[in-house]
Amino acid sequence: MRVINHWVGGQPWKRPPEQTADVYDPASGAISARVALASPSEVDAAVASAKAALPGWRDTSLAKRARILFAYRELLERHKEELAKLVTAEHGKVASDALAEVSRGIEVVELACGIPHLLKGEIAENVSTDVDSYSLRQPVGVVAGITPFNFPAMVPMWMYPIAIACGNTFVLKPSERDPSASSYCAELFHEAGLPPGVFNVVHGDRVAVERLLEHPDVAAISFVGSTPIAKHVYETGTKHGKRVQALGGAKNHMLVLPDADMELAADAAIGAAYGSAGERCMAISVLVTVGSAADRLVPLLEERIAKLRVGPGADPRSEMGPLVTKAHLERVRGLVDAGVAEGATLVADGRDPSIPGCEGGFFLGPCLFDHVTPAMAIYREEIFGPVLGIVRADSYDDALALIHRNPYANGVAIFTNDGGVARKFQHEIEVGMVGINVPIPVPMAYFSFGGWKASLFGDTHVHGPEGVHFYTRGKVVTTRWPDPRFRGVDLGFPQSR
Ligand code: NAD
């Protein structure tokens with residue numbers, strides 16, 4: 001059985017793992033590999049390797065750092081199909097979706113290639129007579145990244161390319177459910193010329209996370225995952241004096257007004273709800289319809305659901321793959337059962353999909369509920385599966401109030417042809433990422449990604465300018481070169497002259 005081990009100090013970890021967990025092929029349900037679960041001492045070794053590499057990397061010129069990032073970008077581009085295959089094999093998402101994920105990750109590497117420009121500070125001449133001031137941004141030190149299963153290639157790339165470009169060294173703890181993509185990226189990054197120890201990968205579970213959270217040599221933590229763990233990571237990491245950004249879960253609403261183009265809205269809702277089997281933090285899981293919109297939308301959704309091809313991710317005919325694990329499948333199916341028991345109308349029931357040849361796979365077909373109410377578990381909980389619920393609202397104001405009552409605030413979309421209402425919505429909605437006739441408004445790498453409320457703990461979003469800010473500390477230098485005119489002791493507080 002293949003064993004996926006850590007990557008420390010620019011090479012695969014030599015010692016056999018003390019503990020391992022099974023990794024599954026979600027399409028067949030078979031165990032495909034075993035992944036190392038790091039002990040605290042293995043985490044310590046990875047952090048020590050990052051710490052040892054820090055002085056050299058911090059002092060490496062911006063031009064050289066950029067050149068290594070360009071080389072990494074080229075290698076990723078050349079090997080993106082292999083990387084996408086690893087994602088499909090362990091996560092289950094269809095090949096085209098895995099490739100799109102890798103491409104969105106590469107965009108962050110491309111942003112990081114521009115690091116010489118991104119790190120430029122400001123200068124002001126003559127802030128006082130013959131005195132100049134300028135600002136610098138310097139790396140924070142050893143940074144740890146802890147990432148979820150649902151984007152095993154892209155979410156780590158939201159973090160480490162920028163952190164490393166800024167002069168930090170990095171320890172990544174990817175999801176133990178689909179670990180291979182991170183190990184593969186570590187290999188490519190080193191092939192690109194990254195010095196040993198600058199990028200390390202420790203595989204593991206909560207034991208590894210806890211050690212990173214309390215480790216005295218880790219200066220900052222980037223986390224992406226579910227809200228309870230994000231909160232824990234934020235509270236524990238900050239308690240140990242670290243800078244922490246922790247992105248949490250989501251319950252994303254798509255508001256459909258009666259004047260919207262219903263065909264377009266139906267296409268968008270299907271893609272956003274069932275793409276990647278709903279295992280996206282930006283997936284639409286609630287349609288909030290106003291007035292007559294639901295009656296016109298439901299038949300259009302049913303038509304499209306009937307045509308969706310569910311199957312193994314590696315089959316090019318599949319549009320939707322399996323869920324990541326059996327336990328997750330059972331949880332999602334349980335929530336569908338709860339929706340039925342609580343009185344929502346199950347318009348499309350995907351609970352028993354028939355996928356010939358994949359009988360052991362973790363499949364759930366697309367499910368659509370109408371007449372969902374905010375009290376139901378299928379509305380309250382983040383399902384993270386192919387389950388879409390429709391909540392009918394009487395007016396725009398009622399719909400807005402509903403969205404605002406929800407504790408999550410990652411993404412939201414409005415579908416309308418009325419520019420005035422769309423602008424009002426964009427202004428007043430309390431959600432971090434907003435789409436206007438765009439169902440999954442994931443910002444490009446040069447903007448920053450992140451939600452509000454229970455979808456984010458900390459102040460800083462990932463990548464873009466906020467990413468650079470998170471991975472650097474500001475410093476302001478004030479200079480005056482010796483000038484005999486200013487001889488003499490002055491105990492007064494410095495003032496401009
Ligand atoms: P998760 O919270 O279970 O795991 C995330 C990471 O935390 C993993 O590396 C895991 O090993 C670790 N972890 C799990 N349990 C832990 C514990 N008790 N103590 C310490 N560490 C622990 O999340 P997941 O199931 O892998 O991913 C899905 C979740 O991630 C969803 O809630 C989704 O909304 C969220 N997500 C959010 C964003 C965003 O940008 N806001 C993006 C992607 C995913």
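This is a predicted model: local features need pLDDT of at least 70, side-chain atom pairs count only at pLDDT 80 or more; totals for chains, interfaces and linings use all residues.
**Stop 1**

Select residues 3–4, which are β1, and residues 20–25, which are β4. Together the three strands form an open sheet with mixed pairing, in the order β1-β5-β4. β1 and β4 are the edges: each has a single partner strand, so one side of each has no neighbour in the sheet. Strands of a sheet pair through backbone hydrogen bonds, either parallel or antiparallel.

**Stop 2**

Which of the two is buried, and which is partly exposed? Phe 362 is buried, at 3% relative accessibility, while Tyr 24 is partly exposed, with a relative accessible area of 29%.

**Stop 3**

The structure holds 13 aromatic pairs. Select Phe 470 and Tyr 471 for another of edge-to-face type: the ring centres are 5.2 Å apart and the planes stand at 80°. Both Phe 470 and Tyr 471 are buried. Next select Tyr 72, Tyr 160, Phe 170, Phe 189 and Phe 199, which form one aromatic cluster.

**Stop 4: the largest pocket**

Select Arg 177, Phe 223, Gly 225, Ser 226 and Ile 229. Of the 32 residues lining the largest pocket, these are the closest to its centre. The volume of this pocket is about 790 Å³. Colour α6 (154–165), α8 (206–214), β11 (220–224), α9 (227–239) and α12 (326–341), each of which supplies at least two lining residues. Which element gives the most to the lining? α9 does, with four residues. By class, the lining has 14 nonpolar, ten polar and eight charged residues.

**Stop 5: the second largest pocket**

Finish at Arg 480, Asp 490, Pro 494, Gln 495 and Arg 497, which lie nearest the centre of the second largest pocket. This pocket has a volume of about 400 Å³ and is lined by 17 residues. Six of the lining residues are nonpolar, six polar and five charged.

Terms used
Residues are numbered from 1 along each chain as its sequence is written. Side-chain values use heavy atoms; hydrogens and water are left out. Two strands pair if DSSP finds at least two bridges between them. On a 1 Å grid over the protein atoms alone, a cavity is a set of points where a 1.4 Å probe fits but cannot get out, and a pocket is an open set with protein on both sides within 12 Å along at least five of seven lines; lining residues have an atom within 4 Å of a point. Grid points are joined across faces, edges and corners, and a volume is the space filled by probe spheres set on the points. Ala, Val, Leu, Ile, Met, Phe, Trp, Tyr, Cys and Pro count as nonpolar, Asp, Glu, Lys and Arg as charged, and the others, Gly among them, as polar. Rings of Phe, Tyr and Trp (its six-membered ring) pair if their centres lie within 6.5 Å; planes under 30 degrees apart count as stacked, over 60 as edge-to-face and the rest as tilted. Buried means under 20% relative accessible area, exposed over 50%, partly exposed in between (1.4 Å probe, protein chains only).
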